[in-house]
Amino acid sequence: MTIRDKKVIYGLYNDEQDLLKAVKVAKGAHMDILDVFSPFPVHGLDPLLELEESRLHIAGFIYGMIGALTAFLGMTWIFTKDWPIIFGGKPYWSVPAFIPITFETMVLFASIGMVVTFYTVCGLGPGVTNPTLDDRLTDDKFAIAFDASHVDAGDVESFFAKTGAAEVNTKIL
Amino acid sequence: MNQYIMPGSQRTLLFSGMALGLLCLVLSWFVGADEFHTRFWTNLLHNTVFFTGISFIALFFICVCITAWAGWYTLFKRVWEAFSLFMIFGFIIMIIIGIGNYLGYHHLYHWNDPASIETDKIINHKSGFLNKGVYLFGGLFVMAVWYLFARKLRSLSLAEGRDGDASFSYHHTARVWAAAFLPFAGFSSAFIIWQWVMSLDAHWYSTMFAWYSGASWFVSMICLTLLVLIYLKSKGYYEQVTGEHIHDLGKFLFAFSIFWTYLWFSQFMLIWYANIGEETVYFRHRMDNYPVLFYGNLLINFVFPFFVLMRNDTKRKFGSVGIVATIVLFGHWWDYFLMIKPGALHTAHELMGAGHGHGHDDAHGAVEHAAHFVSGFTLPGLIEIGVFIGFLSAFLYVVYNRLASAPLVSERDPYLAESIHHHV
């Protein structure tokens, strides 16, 4: 997700359990959470935030199929039409010998395809600098962020105080 | 409900299944096409090896989990303990087969034919390992050790559930026993499978065979675990076993189906590529004369579970994972059918064809003979399905009986809390 020129108000939590409780409270009060940040995947956070299941694996399946077909049909064409060679007395179209390469190509296409897709969707890539909310979010802190223009500042401050946020900051991204 | 009580209707059903199995087993003695009653003996061997292996792998996997400090399985570990206690019944039948082999009551194994040992160079060369003494007494030793460990781990688990305390002394003891079992199980299971199954094709060998058949046992064990758990949950037991545990078992089913395929293919491709006569004989025979079994094996045990279980939700839903478990359990029974039946039939034809014993050079006639459809060998007949149902009923009866003899959840296991809160 890319955020640009937004005033973000966020609270830092020291513990994932505090974070989960705070998210529940925010949901109960119908507060519009912009995003939640954590250094590692927190169990039970996805359903709370009602995040949709990622469709990346469907793309991965398609890339894998393309890879498998590319290798298999490619070898079929090469060894039966383009440049037939007899290896060890085997027929030209030797399916068992094609399987390992088909498998490897499938893995290669699926993995590279998924990385490229993921980077594209996330707006990542070489030379891209993404603004960070707080450096400690990659270490030991958890944050709930609100878009300051969508929520009442007083509500948010009292929400953070109530749910035990260790720190409340504002930042323009 | 922490105490399983076996309902009378279940008892009746399982006993009818066993009766059916016994009837089919007796029938297979009389309807067999050959004078050696090969159909009867192979049915007995096939089902015994399959279910004893499931029992062994359950014990092996308990030991793996204990050694690896795993906690997710603790809620339903009594199911695997119950599986492992079926072992003794399988061993009794294997000892009967071993004694039958020792006294020459059956001709399952080509290497046990005295004339072949004299004239057949390959069999003669292997006779130090493949002989009736090693088969019976070596097997007896391995089975005794396995059963000792099964009993010991079960009794430690029961004692812990009864009067375990914060010192976790029972668990520490169980860790030592589990760690001791793993290396022994690794080597002895290879010995057992070479003797019981691989030597049916006495001229052939494969260094991957033990892994390949072990993976087959493992997948079958996971299938049965899923089916037993889904059944028990439908009856209101194991409320704390959730989609999370089923999901993990589903992942094991998915992953080990692929592992099985990997081993199957590695074994096949190396032999296919090298094209050495004494190695290709196994696959040539099966591809030419048992094509439905051979290719069906791959469809049912790889293509089907691979594409169905690939998605996240099909591993979690009891319906979909239950259907896959049922079909793949049958699939691996089919896999063992393909390992055992063609070799035994070939041996029978060879021994009959030359009046008990001749050199390997005359084997061509026997191969041609096997190309005809032989009921109960080329495809599993109704009798084979009946025997399978009989053995399955006996296995499940022992499992439910053992489950009923102890609380379903071990309340004092140190990993219980982890298992209850398991989340994937």
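Which residues have the most contacts inside the largest nonpolar core? They are B:Leu59, B:Met221, B:Ile222, B:Leu253 and B:Val399, and the core has 115 residues. A nonpolar core here is a set of buried Ala, Val, Leu, Ile, Met, Phe, Trp, Tyr and Cys residues joined through C-beta atoms within 7 Å. A residue is buried if 20 or more other C-beta atoms lie within 10 Å of its own, exposed if 12 or fewer, and partly exposed in between, with C-beta atoms placed from the backbone. The largest share of this core, 17 residues, comes from H2(B).

This is a predicted model: local features need pLDDT of at least 70, side-chain atom pairs count only at pLDDT 80 or more, and totals for chains, interfaces and linings use all residues. Residues are numbered from 1 along each chain as its sequence is written, while chains are lettered from A and ligands numbered from 1 in the order in which they are written.

Stay with the core for a moment. Leaving aside neighbours within four places in sequence, B:Leu59 is in contact with B:Ser84, B:Trp146, B:Phe149, B:Ala150 and B:Leu153. Contact means that the C-beta atoms of two residues, placed from the backbone, lie within 7 Å. A second, separate core has 19 residues, including A:Tyr13, A:Phe142, A:Ile144 and A:Phe146.

Now take chain B as a whole. Chain B has 17 helices and 0 strands. Both kinds of element are DSSP runs numbered from the N terminus: helices are H or I with at least four residues, strands are E with at least two. The radius of gyration of chain B is 22 Å, close to the 22 Å that the globule rule gives for 424 residues, so chain B is as compact as a globular protein of that length. This radius is taken over C-alpha atoms, and the rule is 2.2 Å times the number of residues to the power 0.38. The C-alpha trace of chain B spans about 65 × 45 × 40 Å along its principal axes. Of its 424 residues, 46% count as buried.

Two helices of chain B show how elements meet. The axes of H2 (residues 38–67) and H16 (residues 382–404) of chain B come within 10 Å and cross at roughly 35 degrees. Axes are lines fitted to C-alpha atoms, for helices over the stretch in contact, and angles run from 0 to 180 degrees between N-to-C directions. H2(B) brings B:Asn43, B:Asn47 and B:Phe51 to the contact; H16(B) brings B:Glu384, B:Val387, B:Phe388, B:Phe391 and B:Phe395.

Is B:Asp313 buried or exposed? B:Asp313 counts as exposed, because it has 12 C-beta neighbours inside 10 Å. Its place is in helix H13 (residues 312–316) of chain B.

Turn to chain A. Chain A has 5 helices and 4 strands. From the N terminus on, its elements run β-α-β-α-α-α-β-α-β. A compact globule of 173 residues would have a radius of gyration near 16 Å, but chain A has 25 Å. Its C-alpha atoms fill a box of roughly 80 × 30 × 25 Å along the principal axes. Buried residues make up 18% of the 173 residues in chain A.

Last comes the meeting of the two chains. Their contact takes 5 residues from chain A and 7 residues from chain B.
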